[in-house]
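Here is a walk through one chain, contact by contact. Have the model open alongside the text.

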Amino acid sequence: MQEDVREKLAEVEKEPDAFLRYDQEKMYLDIPRVIAAQLLRSGIAQKNIHLPEQCTICNEGFFSYRRQGPNNGHAGLIVCLT
């Protein structure tokens, strides 16, 4: 992850480092945690937020820009409010 992404995150999150993880010398953004924080702030109850346990870079069942580069497939997200 580039430092500019961390700076952008700091513009919207009070504690940006809570959404970062480090693997050796690389920094990664924990996207599910960022989304969950945004949902909580918008009024969605914690009990209604379910984060994935799979890592999209580690699990080859998912497309991953970080793993495959720009010539990969795409993923989607479906959100349902009931």
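## V34 and its contacts

Skipping neighbours within four places in sequence, V34 is in contact with L9, F19 and L29, where contact means heavy atoms within 4.5 Å. This is a predicted model, so local features need pLDDT of at least 70 and side-chain atom pairs count only at pLDDT 80 or more, while totals for chains, interfaces and linings use all residues. Residues are numbered from 1 along each chain as its sequence is written, and side-chain values use heavy atoms, with hydrogens and water left out.

V34 also belongs to the largest nonpolar core, which has 6 residues: L9, F19, L20, M27, V34 and A37. Such a core is a set of buried Ala, Val, Leu, Ile, Met, Phe, Trp, Tyr and Cys residues joined through side-chain atoms within 4.5 Å. Buried here means under 20% relative accessible area, exposed means over 50%, and partly exposed is in between (1.4 Å probe, protein chains only). As background, nonpolar side chains in soluble globular proteins tend to be buried together.

## The chain as a whole

How many helices and strands are there in the chain? There are 3 helices and 2 strands, and along the sequence they follow the pattern α-β-β-α-α. Both kinds of element are DSSP runs numbered from the N terminus: helices are H or I with at least four residues, strands are E with at least two.

The C-alpha trace spans about 35 × 30 × 20 Å along its principal axes. Of the 82 residues, 17% count as buried. If you look at contacts between residues at least 6 apart in sequence, 22% join residues at least 24 apart.

## Helix α2, inside and out

Helix α2 covers residues 31-41, and V34, A36 and A37 are buried in it. Seen down the axis of α2, the buried residues fall within an arc of 160°, so they line one face of the helix; the arc is that of the directions from the helix axis to the C-beta atoms. What do they pack against? The buried residues of α2 pack against α1 (3-12) and β2 (26-29). After α2 comes G43, which has a positive phi, near 105°.

A37 is a handy one to click on: A37 is buried, with a relative accessible area of 13%. With neighbours within four places in sequence left aside, A37 is in contact with E13 and F19. The C-alpha atoms of A37 and F19 are separated by 9.6 Å, and the two residues are 18 apart along the chain.

From I35 to L51 is 9.1 Å, C-alpha to C-alpha, across 16 residues in sequence.

Not counting residues up to four places away in sequence, L39 touches I44 and I49. The C-alpha atoms of L39 and I49 are separated by 7.9 Å, with the residues 10 apart along the chain.

## Charges and rings

The structure holds 1 salt bridge, defined as a side-chain nitrogen of Lys or Arg within 4 Å of a carboxyl oxygen of Asp or Glu. The partners are the side chains of E13 and R41, at 2.9 Å, N to O. This pair links distant parts of the chain: E13 is in the loop between α1 and β1 (20-23), R41 is in helix α2, and they are 28 residues apart.

R33 lies over the face of F19, 5.5 Å from the ring centre. The rule for a charge over a ring is NZ of Lys or CZ of Arg within 6 Å of the ring centre and within 35 degrees of the ring normal.

## Over at α3

Y65 is found in helix α3 (residues 65-68) and is exposed, with a relative accessible area of 58%. Leaving aside neighbours within four places in sequence, Y65 is in contact with P70 and N72.
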